[in-house]
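This report goes through selected local features of the structure shown below.

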Amino acid sequence: MTASLASGAKLSRGGSHAAESPGVGARPASFAPSTSLIELDHVGRTFGSGKEKVRAVDNVSLTISEGDILCLVGESGCGKTTTGRIAAGLLKPTEGRVLFQGSDIWSMDRKEFKRYRRAVQIIHQDPYASLNPAHTVYKVLSAPLLRHNLVGNYAEARLKCMELLEIVDLTPPGDFLDKYPHQLSGGQRQRVSVARALTVNPSFIVADEAVSMIDVSIRASLLSMLSRLREQFGVTFLFITHDLALAKHFAWEHTIAVMYVGSIVEIAPTPELIDHPLHPYTQALLAAIPEADPRLTRSKPRVALRSMDVPSLLNLPSGCRFHPRCPQFIEGLCDQEAPELVSVGNGRYVACYRVSQV
Amino acid sequence: MSKREQSLLSWTEGPEADVPLSVRDLWVEYQAQRGAVKAVRGASFDLYKGESLSLTGESGSGKTTLALSLIRLLPKSAHIRGGQIIYRRDGREYDVLTLEEGDLRQFRWKECAMVFQSALNAFNPVLKIWDQMYDTVKAHDYTDREKVRKQALELLELVQLESERVIDSYPHELSGGMRQRVLLAMSLLLNPQVIILDEPTTALDILTQRTIIELLKELKKKLGFSMIFISHDLSLAAELADRVATMYAGRIVEIGNVYDVFYHPRHPYTLGLIKAVPTVTGGFQELVSIPGSPPDLIDLPPGCAFHPRCPYADERCKQEEAELTAVTRGHLVACFHWERVQNDLGQEWQLRDQ
């Protein structure tokens, strides 16, 4: 486990001076080891213009090594989906760079960009919406195969589709190939979306709340299928979810990054994040989550927040974005300048003055 | 008296006065082109005074239909095929299913209020909170504006809102958590004995969820109403419920004290659900998933609706459906094999999953 943590996500946030400040081990993402598959380098994204500017993602840097899992956790509206779309190349960041195997995807030439596109796939949240209702499973799966000349003819495409369906446990595949999405259950549909993502042999999959809409009773089998993809094919995952329990389960030997209102507040190996959260927001979040265990959930210590209001993206608080709610707020410091995400050792990164200065 | 009727009657423990609501053998169907969707099939339960009862189950298990039929707010395509919903207050009792339109209107809100799932859609967007509250009260023949306003302000304070500001706001000016709290305050306006909450925290952020949960606990303690809440989320049931009822394919398959249901589940489906949900605290847990998918409610499997997914199923399960029977005091389970479930506590699940 420790080995995979050592090669885990390395990152920094907030400009090059993070690396220059003494005693701080964080290095700018650009110095990360070459095994990194995908890198977000001080990425930001602003939507809208003029007065109605919404800063959805602000100065986010993440590095995901090959074969690793990074879980991005945060509440609705915190920018995790936008970050995922930027990583998948579906959205151009307004600041910063996205590096795939070391090269900037937005300055790639056509051929290179196409290669990147094929290497990166996204699994969407809602399998009801992400599959064309008028296309059979075969058509859904064969389209990318034929488009990218991954198969020579239709017979080959059919065989390849059968193979893919078997990988996602839709067996016997012959039963599913000619079905329409409406003939499948939610779990089966999501498996088809996964199979579609696998058609082009991707090395990186962005799973955006991929199991959130699936009934709890069948979630576990979908999660273990996704883990198997990583083990068998070395697929790297950016797993986006609002459910910390799910993130913990999926990325137990990997890394979790916690996002709050557009920026990353803490990154740590999963067991450490769960046992000893450092950022006050992570602490509040962990204490607030109800658990499916009556004695445990009723005896959890509570964290009292100073305010219940989530700041609006149109009117962000000065300094640390969590300061209006933070129980450990330091006046004259937290409300002045936003803390940088800095390394605190053991592969952990925190953006909080309380942690970095004490 | 048939065996079935006896077992139904023997449920109520203690005086009936402590049971504001009893549902007996309720059947609800929806009419669809392909046939009848059997959404609720013979549900029976009691709601005790001052308790919170959680209806838990996956989507399509009939929990919302069951809750809507309690106040007869079902859509037109639904038909109640049979059963009784007995409501009691101050020594009087009546069957909600036989109420006339006018009485029904009084029953709703004044006796039994409902808080709907999406807090935004539950409001009229062009009316201020005060106007909506006054409208509600007016429909129930209270017309003393000053008195109503005072009470509305008190209730808004009770749900921890800045009452003076919120009462003159439009719904869009409030955040999701605030709207949920306003809805709660509104549901309490006429001091109902029973409150039904449909997924009260689902659309909210985790930190907001927490405040709503704490608020519900506090209000229940202060005002002493009984509460039924619908949730697909087991953790909410663990947090908030005194008793839990698990539903599967329109039937209540297990009902009991929250600790009994979570720590000593006797129905294979409840057990499977509990094993499928990870907790945040603690080490890594193996998760188990229930094979197959929920059944088609138009074309249910014969016998127990869960048998195609159940590792304990045998020939009998394919032909007969078990009745809810008491396994310990107040803990009822509808499964022939509950003793086997008790003995191996889900080892069967692991075996199947390998």
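This is a predicted model: local features need pLDDT of at least 70, side-chain atom pairs count only at pLDDT 80 or more; totals for chains, interfaces and linings use all residues.

## Buried helices of chain B

Helix H2 of chain B, residues 63–70, is largely enclosed by the rest of the structure, because 7 of its 8 residues are buried. The buried residues of H2(B) are B:Lys63, B:Thr64, B:Thr65, B:Leu66, B:Leu68, B:Ser69 and B:Leu70. Just after H2(B) comes B:Arg72, which has a positive phi of about 50°.

## Contact between the chains

Chain A and chain B each put 35 residues into their contact. On the side of chain B that touches chain A, the elements giving two or more residues are helices H8 (206–223), H9 (234–240), H10 (258–263) and H11 of chain B. H8(B) gives the most, with 6 residues. By class, this side of chain B has 20 nonpolar, 11 polar and 4 charged residues.

Helix H11 of chain B (residues 268–276) also takes part in a helix pair across the two chains. Its partner is helix H10 of chain A (residues 216–233), and the two axes come within 8 Å and cross at roughly 45°. H10(A) passes H11(B) in a left-handed crossing. H10(A) contributes A:Val216, A:Ser217, A:Arg219 and A:Ala220 to the contact, while H11(B) contributes B:Gly272, B:Leu273 and B:Ala276. Of the residues in this contact, 4 are nonpolar, 2 are polar and 1 is charged.

## A helix pair within chain A

Helix H6 (residues 137–147) and helix H9 (residues 186–198) of chain A pack at an angle of about 20°, and their axes are 8 Å apart. Angles under 35 degrees count as roughly parallel, and H6(A) and H9(A) are therefore roughly parallel to each other. H6(A) passes H9(A) in a right-handed crossing.

In H6(A), the residues that meet the other helix are A:Val137, A:Val140, A:Leu141 and A:Pro144; in H9(A), they are A:Val192, A:Ala195 and A:Arg196. The contact of H6(A) with H9(A) has 6 nonpolar residues, no polar residues and 1 charged residue.

## Core and a buried glutamate

The largest nonpolar core has 197 residues, and A:Cys71, A:Phe239 and A:Ala257 touch the most other members. Leaving aside neighbours within four places in sequence, A:Cys71 is in contact with A:Phe239, A:Thr241, A:Ala247, A:Phe250, A:Ala251, A:Ile256 and A:Ala257.

A:Glu75 sits in the loop between strand E3 (69–73) and helix H3 (80–87) of chain A. With 20 other C-beta atoms within 10 Å, A:Glu75 is buried. Apart from neighbours within four places in sequence, A:Glu75 is in contact with A:His242 of its own chain and with B:Asp205 and B:Ile206 of chain B. A:Arg191 is 116 residues away from A:Glu75 in sequence, and the two C-alpha atoms are 25 Å apart in space.

## Backbone exceptions

Most residues other than glycine have a negative phi, and most peptide bonds are trans. In chain A, a cis peptide bond joins A:Thr171 and A:Pro172, with omega about -10°. A:Pro172 lies in the loop between helix H7 (154–167) and helix H8 (174–177) of chain A.

A:Glu209 is not a glycine, yet has a positive phi of about 50°. A:Glu209 is in the loop between strand E7 (204–208) and H10 of chain A. A:Asn346, also not a glycine, has a positive phi of about 55°. A:Asn346 is placed in the loop between strand E11 (342–345) and strand E12 (348–350) of chain A.

Which of these residues is buried, and which is exposed? A:Glu209 is buried, because 20 other C-beta atoms lie within 10 Å. A:Asn346 is exposed, because the count of other C-beta atoms within 10 Å is 11.

Methods:
Residues are numbered from 1 along each chain as its sequence is written. Chains are lettered from A and ligands numbered from 1 in the order in which they are written. Axes are lines fitted to C-alpha atoms, for helices over the stretch in contact, and angles run from 0 to 180 degrees between N-to-C directions. Helices (H or I, at least four residues) and strands (E, at least two) are DSSP runs, numbered from the N terminus. A crossing is left-handed if the near helix is turned anticlockwise from the far one by less than a right angle, and right-handed if clockwise. Two residues are in contact if their C-beta atoms, placed from the backbone, lie within 7 Å. Ala, Val, Leu, Ile, Met, Phe, Trp, Tyr, Cys and Pro count as nonpolar, Asp, Glu, Lys and Arg as charged, and the others, Gly among them, as polar. A nonpolar core is a set of buried Ala, Val, Leu, Ile, Met, Phe, Trp, Tyr and Cys residues joined through C-beta atoms within 7 Å. A residue is buried if 20 or more other C-beta atoms lie within 10 Å of its own, exposed if 12 or fewer, and partly exposed in between; C-beta atoms are placed from the backbone. Angles under 35 degrees count as roughly parallel, over 145 as roughly antiparallel, 65 to 115 as roughly perpendicular and the rest as oblique.
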